[in-house]
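Subject: Structure handover

Hello,

Here is the structure for your work. My notes follow below it.

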Amino acid sequence: MALIVQKFGGTSVGSVERIEQVAEKVRKFREKGDDIVVVVSAMSGETNRLIDLARQISEQPVARELDVMVSTGEQVTIALLAMALIKRGVPAVSYTGNQVRILTDSAFTKARILHIDAQKIQGDLKAGRVVVVAGFQGVDEQGNITTLGRGGSDTTGVALAAALKADECQIYTDVDGVYTTDPRVVAKAQRLDKITFEEMLEMASLGSKVLQIRAVEFAGKYSVPLRVLHSFQEGPGTLITLDEEESMEQPIISGIAFNRDEAKLTIRGVPDTPGVAFKILGPISAANVEVDMIVQNVAHDNTTDFTFTVHRNDYNNALNVLQGIASEMGAREVIGDTNIAKVSIVGVGMRSHAGVASRMFEALAKENINIQMISTSEIKVSVVIEEKYLELAVRALHTAFELDAPAGKGE
């Protein structure tokens, strides 16, 4: 008998009919004798509806009150799912984050989980009940309702699995697993049977939207086996695990991630003196702009060109800050580009294989795709290219690293 934590997202519980389908799925698991804890999100679109209501009152609602409001979305779902289970003869009980005592810090709208009191849930499981818990929410030391930020239900699921020492945390979503890349871009993309936490973390941070980054971090930290499954299609999904099994058929690269939301800024002709990087990036950081890739080139005239990438939403803010820095430092000019994209290859197999980066560069060169910036880590290589070449680059790399599904499979 296993203890399984199952998390269902907003689209999975988007209507009463879908909640009934989830209840049926849980009932079948229960029949096998497994202990089940279910974590659910608000019904699809409900959180946005509540935020819109708040914005009708105030353009910038007080964060504490916003959390009180948006947390009600999950409360509706847990009650409906518990009702649907009880209707099917499955004993069930629903709890809000406060009732379970999911203790968080007091950072409203983006709180972090500090501790979970698992006793109440363990008592219910012993009594044969399915426990349905509201995702995305908790309570701070003062008893204030808090929420965990977008995608926070994934984190709730993983945190509960860690606290309960569950055998597996299953994340049900609208895809049937983690793919080598986005199947909408590469028709021959394949579902991965298994991927490491490290690889999944890189894929998530580089643009793969399947799982919330914090949930993957949490699962890796507490060694919680994580499985991504389709809510309404049968299948084994993708297991995310610590294992780095060496096998003859293990690919060097597990997947290709990409991100269209990039922008590039360059400050040219800055005096090449110690501390120049801090003089540029200090004010950028103070403006709450996150910098991704950085390249610095030193010229013969003791000046430097400094280039970095930011999220496209931060571009105008960063550009204004950089223009101020340029006039202070006597730089030649500031230029920017919002028509770029980042493509990354990810795989733990890189550790034991040389020449992976050059193979990537060769594949892009064959397609006449110019590389503007390069960034590497132990298990990834990222490049910045012109956005118009993004899909061509992803397809070329997918083929070059032998990730395409064989004819007749996965299409």
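Which residues does the UniProt annotation "binding site" cover? The unreviewed entry lists Lys7, Phe8, Gly9, Gly10, Thr173, Asp174, Tyr179, Arg184, Lys209 and Val210. Please keep in mind that this is a predicted model.

**The ten-residue annotation**

These residues span 204 residues in sequence. Their farthest two C-alpha atoms are 24.8 Å apart, so they do not all gather at one spot. From this set, the lining of the largest pocket takes in Lys7, Gly9, Gly10, Thr173, Asp174, Tyr179, Arg184, Lys209 and Val210.

Gly9 sits in the loop between β1 (3-8) and α1 (16-31). Its relative accessibility is 10%, so Gly9 counts as buried. The cut-off for buried is under 20%. Leaving aside neighbours within four places in sequence, Gly9 is in contact with Ser41 and Tyr172.

Asp174 is in another loop, the one between β9 (168-173) and β10 (194-196). With neighbours within four places in sequence set aside, Asp174 is in contact with Thr11 and His230. The side chain of Asp174 also makes a polar contact of 3.2 Å with the side chain of Thr173.

**The second annotation**

Where else does UniProt place the feature "binding site"? The unreviewed entry puts it at Thr47 and Glu74. These two are spread over 28 residues of sequence, yet they cluster in space, with a largest C-alpha distance of 8.8 Å. The lining of the largest pocket includes Thr47 and Glu74.

Thr47 belongs to helix α2 (residues 46-57). At 13% relative accessibility, Thr47 is buried. Apart from neighbours within four places in sequence, Thr47 is in contact with Ala42, Val70, Glu74 and Arg150.

Glu74 is part of helix α4 (residues 72-87). Is Glu74 buried or exposed? Its relative accessible area is 2%, so Glu74 is buried. Again setting aside neighbours within four places in sequence, the contacts of Glu74 are Val40, Ser41, Ala42, Thr47, Ala134, Gly135, Phe136 and Gln137. One side-chain detail involves Ala42: the side chain of Glu74 reaches the backbone nitrogen of Ala42 at 3.1 Å.

**Thr146**

Thr146 lies in strand β8 (residues 145-147). At 0% relative accessibility, Thr146 counts as buried. A polar contact of 2.7 Å links the side chains of Thr146 and Thr104. Beyond neighbours within four places in sequence, Thr146 is in contact with Asp67, Thr104, Asp105, Phe108, Ala111, Phe136, Gln137, Gly138, Val139 and Asp140. Phe136 and Gln137 are also among the contacts of Glu74.

**Helix α7**

How many of the residues of α7 are buried? The count is 12 of its 13 residues, so the helix is mostly covered under the 20% cut-off. The buried residues are Gly152, Ser153, Asp154, Thr155, Thr156, Gly157, Val158, Ala159, Leu160, Ala161, Ala162 and Leu164.

Just after α7, Lys165 takes a positive phi of about 55°.

Regards

Technical notes. Residues numbered from 1 in each chain as written. Predicted model: local features only at pLDDT ≥ 70, side-chain atom pairs only at ≥ 80, totals over all residues. Heavy atoms only, no water. UniProt positions renumbered as here; feature names shortened; annotations may be inferred. 1 Å grid on protein atoms, 1.4 Å probe; cavity = no way out; pocket = protein on both sides within 12 Å on 5 of 7 lines; lining within 4 Å. Helix = DSSP H or I, 4+ residues; strand = E, 2+ residues; numbered from the N terminus. Buried < 20%, exposed > 50% of the residue type's maximum accessible area, 1.4 Å probe, protein only. Contact = heavy atoms within 4.5 Å. Polar contact = N/O pair within 3.5 Å; in protein donor to acceptor, adjacent residues only side chain to side chain.
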